[in-house]
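Trainee: I am new to this structure and would like a close look at one part of it, the packing of its helices. Please start with one contact and go on from there.

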Amino acid sequence: MDRLIAGHKRFLAEGFPAKRHQYKLLSDRQAPEWLFITCSDSRVLPDLILGTGPGDLFITRNAGNVVPIHSHDVDGVTATIEYAIEVLKVKSAILCGHSDCGAMKAALDRKGLEKLPKAKRWLSHVESAFQYRQPLNPADGESAELASLIRGNVVAQLKNLQAQPTEAREVGLGKLTVHGWYYDILSGRIEEYDEGTGRFVPLVK
Ligand SMILES: [Zn+2]
């Protein structure tokens, strides 16, 4: 815990005073422009890779950046999406997967799930990734097969997102755009899914 406490001390001494006015404005309201759905992975830091800060991104995270569609029960992801769209009126929803995703590794080789009954059930949500696998990219090296499945999962979860009733209505009204991203940890680069071609292209050309 020492490292976290030292970090919080630094925030109180430096980070907070530098943005005191902004925090005051944010203290009783938020108006984020973007809903960001990504994996729980510790290496994916949205504010760091996008240059955003407090009040910018409304974030929901889970293993494998899943948007459940089969569940009859309420779940945290779809409830968060509903709130972001209905109440916060976000302008865009971004679904972001990433390289070397442990959840997708488990979905690919099915090993190591014997002791994880809940994770095993959760990963049933990524089964549809297999049908949207992307072409192997030589730049991904030995991870090409995994990376093609991870990109396929971005497409699969994007379709689940687009199937949410509130989301579909707002897109139909032209009030919301949806985006599927793949973040590569090694290069730091983001690719965006192009629905017209069905392929991923660099976000920054
Ligand atoms: Zn992951």
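**Helix contacts and what lies around them**

Mentor: Start with the contact between α4 and α8, where Glu82, Ile85 and Glu86 of α4 meet Thr166, Glu167, Arg169 and Glu170 of α8. Sorted by class, this contact of α4 with α8 holds one nonpolar residue, one polar residue and five charged residues. Keep in mind throughout that the model is predicted.

Next comes the geometry of this pair. Two packed helices are described by the angle between their axes and by the distance between those axes. Helix α4 covers residues 76–86 and helix α8 covers residues 165–172; they pack at an angle of about 30°, and their axes are 9 Å apart. Angles under 35 degrees count as roughly parallel, so α4 is roughly parallel to α8. The crossing of α4 and α8 is left-handed.

A second pair to look at is α5 with helix α7, the latter being residues 144–162. Here the packing angle is about 110° and the axes lie 10 Å apart. Because angles from 65 to 115 degrees count as roughly perpendicular, α5 is roughly perpendicular to α7. On the α5 side the contact is made by Met104, Lys105 and Leu108, and on the α7 side by Glu145, Leu146, Leu149, Ile150 and Asn153. By class, the contact of α5 with α7 has five nonpolar residues, one polar residue and two charged residues.

The zinc ion is coordinated by Cys39 through SG, His98 through NE2 and Cys101 through SG, at 2.1 to 2.3 Å. Along the sequence these donor residues follow the spacing C-x58-H-x2-C. The two cysteines link distant parts of the chain, 62 residues apart: cysteine 39 belongs to strand β1 (residues 34–39), while cysteine 101 is in the loop between β3 (92–98) and α5 (102–109). Buried means under 20% relative accessible area. Cysteine 39, with a relative accessible area of 5%, is therefore buried, and cysteine 101, at 1% relative accessibility, counts as buried too.

Phenylalanine 11 lies in helix α1, which is residues 2–18. At 31% relative accessibility, phenylalanine 11 counts as partly exposed. Apart from its neighbours within four places in sequence, phenylalanine 11 is in contact with Phe16, Pro17 and Tyr23.

Methods. Residues numbered from 1 in each chain as written. Predicted model: local features only at pLDDT ≥ 70, side-chain atom pairs only at ≥ 80, totals over all residues. Heavy atoms only, no water. Donors = N, O, S within 2.8 Å, 3.2 Å for Na, K, Ca; no water. Helix = DSSP H or I, 4+ residues; strand = E, 2+ residues; numbered from the N terminus. Buried < 20%, exposed > 50% of the residue type's maximum accessible area, 1.4 Å probe, protein only. Axes fitted to C-alpha atoms, helices over the stretch in contact; angles between N-to-C directions. Parallel < 35°, antiparallel > 145°, perpendicular 65-115°, else oblique. Left-handed = near helix turned anticlockwise from the far one by under 90°. Contact = heavy atoms within 4.5 Å. Nonpolar A, V, L, I, M, F, W, Y, C, P; charged D, E, K, R; others polar.
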